[in-house]
Amino acid sequence: MLGFLTARQAGLDDPLRLRRAESTRRVLSLTLNPDREVDRIHGNGINTIDIEVVEGRYMLSGGADGVIVIYDLENYSGKLHYTCKSVCTVGRSNRYVHKFSVETVQWYPYDTGMFVSSSFDKTMKVWDTETLKPAEVFEFEGNVYSHHLSPIARKHSLIAVGTKDPKIHLCDLKSGSRIQVLQGHRAEILSVRWSPRYEHILATARQQSESMGCASGLWLSLQSGSAQRRQIQSRLRVNTAHNGRVNGLCFTGDGLYLLTTGTDDRMRLWNSATGENTLVNYGKVSNGNRKKLQFAVSRGCGPEFVFVPCESSVAVYAVHTGELVSTLRGHYNNVDCCELHPDYQELYTGGKDCNILAWIPVLRSPDVEDEPKSANQAAGAPSSVNQAFQDAWSSDED
């Protein structure tokens, strides 16, 4: 660490190198933190969580009981041991609560005053955070499996929605209406994801294993020409996709690659520009989830890592090599979702055991010269302090 700081101060290294090195160290040292708890509010399994990127302070969770909870992740108690308290809850007594399981929750990317939820009650609701009342309700013909708002869009305010209906619905926040329906699938759509690099690129995944589009899904460029779209899709059909339903999608932070998970216990890495399968071998990635699986990818690390729920644990893989780096164990039942804090490399996971667990990086051990002298050192025992900081010219008699 001192070497990185010195090199940065002298202008020998790019400042991002220190940040990348420390981010990587923190991700690799994640462990279940016994000093941080999250209020247990849900009476059934937790399907989805999301941390807002404006302040990095508030977390949403949606459960199989239809309940939505907002948590405050900041510690203002001044104590080492603390609990992330629930700020507000859309509980069963709320007249606007979802009737059935909440499958996806997401903060509006630019403001914590609004968030969106979708449910098996065939609705998607746009909520006012202050009043906890829906400002808009979109109704569909089938169960809603997934929705997603673009994290970078400036030219549109579309929410992509995947439902039991084999059509992709695009809902406009500005007009409050469904402005477009995209066809191309022949089965229910389990996951949708906007690209974090290009605001008009959308990836979707469907239930059937026979492939049209990306790994049993479909790439859609809403502004690119039809020739380019056909070229990408033709390559995706040729590539080996998944032999089961695809229930998870996640772009890397730079948007250059797309990760997909399937019930064939495989995970694939796709080049988002060409649609080619990079053929990275992750081995067996256990996936028995029949609905959407929420997993996360690190940002700013070298190399990047992906956190994938595997039964009652979370497997951590190196994205570009497929190496299994570590396995995080702590849940008593299957893990359904995980979310990485955008600023602190902290991981939050939710599962069917109704718990949200916090995985926190291990603090860096203090440098030797910063450690206080022990009683033995004070008595004249050999010091472990770096020789560069030792007094080598004064005598004991002085």
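Guide: We can start with His156. Beyond its neighbours within four places in sequence, His156 is in contact with Ser150, Trp194, Glu199 and His200. Keep in mind that this is a predicted model.

Visitor: Where does His156 sit?
Guide: His156 belongs to the loop between E12 and E13.

Visitor: And is His156 buried or exposed?
Guide: His156 counts as buried, because its relative accessibility is 13% and the cut-off for buried is under 20%.

Visitor: What does the side chain of His156 reach at 3.1 Å?
Guide: That is the backbone nitrogen of Leu158.

Visitor: You mentioned E12 and E13. Which order do the strands have in their sheet?
Guide: The order is E12-E13-E14-E15, in an open sheet of 4 strands with antiparallel pairing. At the edges are strand E12 (144–149) and strand E15 (177–182), each of which pairs on one side only. On average, neighbouring strands of this sheet are turned by 25° against each other, direction ignored.

Visitor: What holds strands together in general?
Guide: Strands of a sheet pair through backbone hydrogen bonds, and the pairing is either parallel or antiparallel.

Visitor: How many bridges are there between E13 and E14?
Guide: There are 5 bridges between strand E13 (residues 158–163) and strand E14 (residues 168–172), in the antiparallel sense. As an example, Ala160 has Leu170 in E14 as its bridge partner.

Visitor: New topic: the sheet with E8 in it. Which strands make it up?
Guide: That open sheet has 4 strands in the order E8-E9-E10-E11, and the pairing is antiparallel. Strand E8 (102–107) and strand E11 (133–139) are at the edges with a single partner strand each, so one side of each has no neighbour in the sheet.

Visitor: How many bridges join E10 to E11?
Guide: Strand E10 (residues 123–128) and E11 run antiparallel and are joined by 6 bridges. One of the partners is Lys133 in E11, which is bridged to Asp128.

Visitor: Now the aromatic rings. How many aromatic pairs are there?
Guide: The structure has 5 aromatic pairs. One of them is Trp107 with Phe115, an edge-to-face pair at 5.8 Å centre to centre with 70° between the planes. Both Trp107 and Phe115 are buried.

Visitor: Which residues are in the cluster with Trp107?
Guide: Ring pairs link Trp107 with Phe115 and Trp127 in that cluster.

Visitor: What about Tyr282 and Tyr317?
Guide: Tyr282 and Tyr317 also form an edge-to-face pair, with 5.8 Å from centre to centre and 85° between the planes. Tyr282 is in the loop between strand E21 (266–271) and strand E22 (296–297), while Tyr317 is in strand E24 (residues 313–318), so the pair ties together parts that are 35 residues apart in sequence.

Visitor: Are those two buried or exposed?
Guide: Tyr282 counts as buried at 4% relative accessibility. Tyr317 is buried too, with a relative accessible area of 4%.

Visitor: What does E21 pair with?
Guide: E21 is joined to strand E20 (residues 257–262) by 6 bridges, and the two run antiparallel. Asn271 in E21 is the bridge partner of Tyr257. The hairpin of E20 and E21 has 3 residues between the strands, and Asp265 takes a positive phi near 60° in it.

Visitor: And the hairpin of E3 and E4, which residue has a positive phi there?
Guide: In that hairpin, with 6 residues between the strands, Gly56 has a positive phi near 70°. E3 and strand E4 (residues 58–63) run antiparallel, joined by 5 bridges. Strand E3 (residues 46–51) is mostly covered, with 6 of its 6 residues buried.

Visitor: Last one: how many helices and strands does the protein have?
Guide: The protein has 4 helices and 28 strands. Of its 398 residues, 52% count as buried.

Methods
Residues are numbered from 1 along each chain as its sequence is written. This is a predicted model: local features need pLDDT of at least 70, side-chain atom pairs count only at pLDDT 80 or more; totals for chains, interfaces and linings use all residues. Side-chain values use heavy atoms; hydrogens and water are left out. Two strands pair if DSSP finds at least two bridges between them. Axes are lines fitted to C-alpha atoms, for helices over the stretch in contact, and angles run from 0 to 180 degrees between N-to-C directions. Buried means under 20% relative accessible area, exposed over 50%, partly exposed in between (1.4 Å probe, protein chains only). A polar contact is a pair of N or O atoms within 3.5 Å; within protein, one must be able to donate a hydrogen and the other to accept it, and residues adjacent in sequence count only if both atoms are side-chain atoms. Contact means heavy atoms within 4.5 Å. Rings of Phe, Tyr and Trp (its six-membered ring) pair if their centres lie within 6.5 Å; planes under 30 degrees apart count as stacked, over 60 as edge-to-face and the rest as tilted.
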